[in-house]
Structure formats: structure tokens, C-alpha cells
Amino acid sequence: MNAYLVEGTGGYALVDAGLHTAEGEAALRAGLADARVDLAGIRRVFVTHLHPDHLGMAGTLERAGAEVVMHRPEIAAARRVWGADHRDIEATYAHFARHGMPPEVNDGMRASWLEMAERVDAVDPVPIEDGDELDLGGRATRVAWTPGHTDYHAVLVDAPEGVLFAGDHVLPRITSNVGLYPRSRDDPLGDFLSSLRKVRDLPVHRVLPAHGEPFDDLAGRVDAILAHHDARLAATIDAADGAERDAYSIARTLFPRLRSAHEERFALAETLAHLRHLERAGRVVEVDGEPARWKVVAG
Ligand SMILES: [Zn+2]
């Protein structure tokens with residue numbers, strides 16, 4: 001996972017903060033020491049989205065004196081996932097049961113997600129809105145809402161320098177997980193495809209992703225990800241065709257190798273996001289039941 005240290009006339013800023021494990025904190029401190037900056041030298045931290053490998057150590061930086069900034073509705077979503085009652089984790093358990101996840105897998109999913117919550121600091125970010133300008137160590141960047149990977153994921157566009165701080169929106173080697181959760185916006189995959197098109201032609205010649213190496217060809221990478229999801233939508237139709245099947249069994253066809261409880265969650269949520277997108281396009285219908293099943297619409 002990459003966090004970006006930005007040095008400018010206005011001091012230092014950071015984009016994203018890693019997972020709060022002993023290794024994560026040691027890596028952050030070592031990276032800052034290499035740059036001869038101490039924790040207290042970070043003035044501002046922009047967090048692209050609520051995932052634990054991005055938000056995790058933001059509270060540590062806040063306590064060291066940084067201002068943590070985050071897209072306003074993403075702050076509320078973070079509280080529902082990471083707050084003491086873990087509302088969204090419990091709601092997801094019921095949602096996954098409804099879509100056919102076996103109880104023992106669902107139990108493991110919940111346990112590993114709750115364990116992850118211990119690696120996320122308590123933090124009280126300052127809200128910022130889509131389209132606002134954000135000073136990042138003296139650089140003028142603009143916040144752009146890019147829903148899909150999470151509902152209120154946001155990137156920073158540094159137009160004068162031609163740089164995009166992309167978070168998990170556009171990644172170089174892997175495609176970011178797009179999942180349907182009980183409190184998601186209506187069509188997360190539709191959101192994701194639209195917000196890829198929205199950033200495709202930005203005047204950017206350097207993309208700084210949160211995972212993998214920085215890269216230059218934003219439009220080329222966006223086109224490849226769009227093509228990937230076209231193929232996955234076709235594969236989802238193929239997997240659902242014939243007998244009515246529940247989403248978990250479709251996910252097991254689409255993702256035959258799942259190595260952890262987290263991967264089980266991403267596979268089911270991602271499959272549901274594809275099914276919902278197909279449903280909104282009139283290609284499949286959800287049939288109520290225990291579990292709910294999916295049917296391909298003829299023609
Ligand atoms: Zn993420």
C-alpha cells in the first residue's frame with residue numbers, strides 16, 4: 001500500500017495513511033525518516049476512502065498534530081463501519097445470509113472484518129466537499145468524487161502539475177473491488193464505470209495509485225478496466241444462465257479460488273454488484289426467497 005508524502009512551500013502533507021499494525025506504523029515512520037520528516041511535521045492528511053489500509057493510521061497522525069481531511073459523506077460511512085456498534089458489518093452479515101453465504105463462511109467473514117476494525121484508529125476528520133480546492137503542502141489540488149470502489153471515494157487532481165492522486169479508483173495491475181452492500185448506493189458498478197469515464201480525459205500525465213507503481217497512461221488504463229468489467233458482466237450472465245442460482249453460488253463459479261474470509265466477502269459483494277448492474281439494465285431479475293436467486297431474462 002502506498003501513502004504519498006507531498007512536500008511544498010506550505011510544509012508536508014500525506015495522501016492516505018496505512019493500516020495501523022506494528023509493521024504499518026514502522027513502515028510509515030521509516031518512510032518519513034528517509035525523507036527527514038517527523039510525524040509532527042505532517043500538517044495535513046487527505047484520506048481517499050474509509051478502507052482500513054487508507055484510514056488506519058490517520059488518527060495517529062491527527063494526534064501528532066495533522067489535520068485529517070476526508071470527503072464529507074465518506075466520514076459518515078466510516079463511522080457506520082468502524083464505530084463501536086459496527087452497524088454496517090452486522091447488516092452485511094444478514095445481507096450475505098440472504099444471498100446464500102453459508103453460516104460458517106459468514107461467521108468467518110464477520111470475525112475477520114471485526115478484527116480489521118482494531119487496526120483503524122479513532123479519528124475525527126474535517127469534512128470536504130466534491131469540487132472543493134484543497135491545499136496540499138502548498139499545491140492547489142481539487143477534490144473529485146469518484147464513487148464505485150466505495151460510495152464516496154474521492155481523488156485529488158493537481159491540474160497545474162498534471163498529477164492524479166488516485167487512491168483505489170484507478171490501479172495499475174489489479175482492478176479495485178466494487179461491491180454491493182446493504183447500505184450501498186443503488187448501483188455501485190454503474191457508479192464505478194461512470195466515474196472511470198469521468199477521470200479518463202483529465203489533463204493528467206502522472207497517476208499515483210494507492211497500490212502498485214505510479215503510471216502515466218490514465219486513458220489506456222481506464223479503457224482496460226472498462227473492458228474487464230464488460231467481460232465480467234458477460235461471465236456473470238453465463239454463470240447465472242440455466243437454472244436459477246443464488247449469488248453465492250454464482251460467485252463461486254466466477255471466483256473459484258478464494259483463500260480467506262476477506263476474499264469470500266469481496267467475491268460475493270463484487271458478484272452482487274455485477275448482478276445489480278445487470279438487473280438495472282433489465283438483463284437479470286432477483287427472485288425472492290431463502291436464499292434469493294437470480295434469473296437471466298430471455299432476449
Ligand atoms: Zn480500498
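Glu115 is partly exposed, with 44% relative accessible area. Its partner in a salt bridge is Arg119, and the closest N and O atoms of the two are 3.6 Å apart. Arg119 is partly exposed as well, at a relative accessible area of 28%. This structure is a predicted model.

**Salt bridges**

The count of salt bridges comes to 24. Side chains of opposite charge can pair when their charged atoms come close.

| Pair | N to O distance |
|---|---|
| Glu115 and Arg119 | 3.6 Å |
| Arg206 and Asp216 | 2.4 Å |
| Arg280 and Glu279 | 3.8 Å |

Take Arg206 and Asp216, whose side chains meet at 2.4 Å. This pair links distant parts of the chain, 10 residues apart. Arg206 sits in strand β10, which covers residues 206–209. Asp216 lies in the loop between β10 and α8 (218–240). How accessible are the two ends? Arg206 has a relative accessibility of 33% and counts as partly exposed. Asp216 is partly exposed too, with a relative accessible area of 46%.

Next come Arg280 and Glu279, with side chains that meet in a salt bridge at 3.8 Å. Arg280 is partly exposed, and its relative accessible area is 45%. This residue also belongs to a network: salt bridges with shared partners join Asp186, Arg276, Glu279 and Arg280.

**The zinc site**

Which residues hold the zinc ion as protein donors? They are His49 through NE2, His51 through ND1, His149 through NE2 and Asp168 through OD. These donors lie 2.1 to 2.2 Å from the ion. Along the sequence, their spacing reads H-x1-H-x97-H-x18-D.

His49 lies in the loop between β3 (42–47) and α2 (52–55). Asp168 is in the loop between β9 (163–167) and α7 (188–200). The pair therefore ties together parts that are 119 residues apart in sequence.

Asp168 is buried at 4%. Both values count as buried because the cut-off is under 20% relative accessible area.

The geometry of the site is irregular, with angles of 88 to 176° among the four donor atoms of the zinc ion. Why is it not tetrahedral? Four donors count as tetrahedral if all angles lie between 85 and 135 degrees.

Definitions and conventions:
Residues numbered from 1 in each chain as written. Predicted model: local features only at pLDDT ≥ 70, side-chain atom pairs only at ≥ 80, totals over all residues. Heavy atoms only, no water. Donors = N, O, S within 2.8 Å, 3.2 Å for Na, K, Ca; no water. Tetrahedral: all angles 85-135°; square planar, octahedral: opposite > 155°, others 65-115°. Helix = DSSP H or I, 4+ residues; strand = E, 2+ residues; numbered from the N terminus. Buried < 20%, exposed > 50% of the residue type's maximum accessible area, 1.4 Å probe, protein only. Salt bridge = Lys/Arg side-chain N within 4 Å of Asp/Glu carboxyl O.
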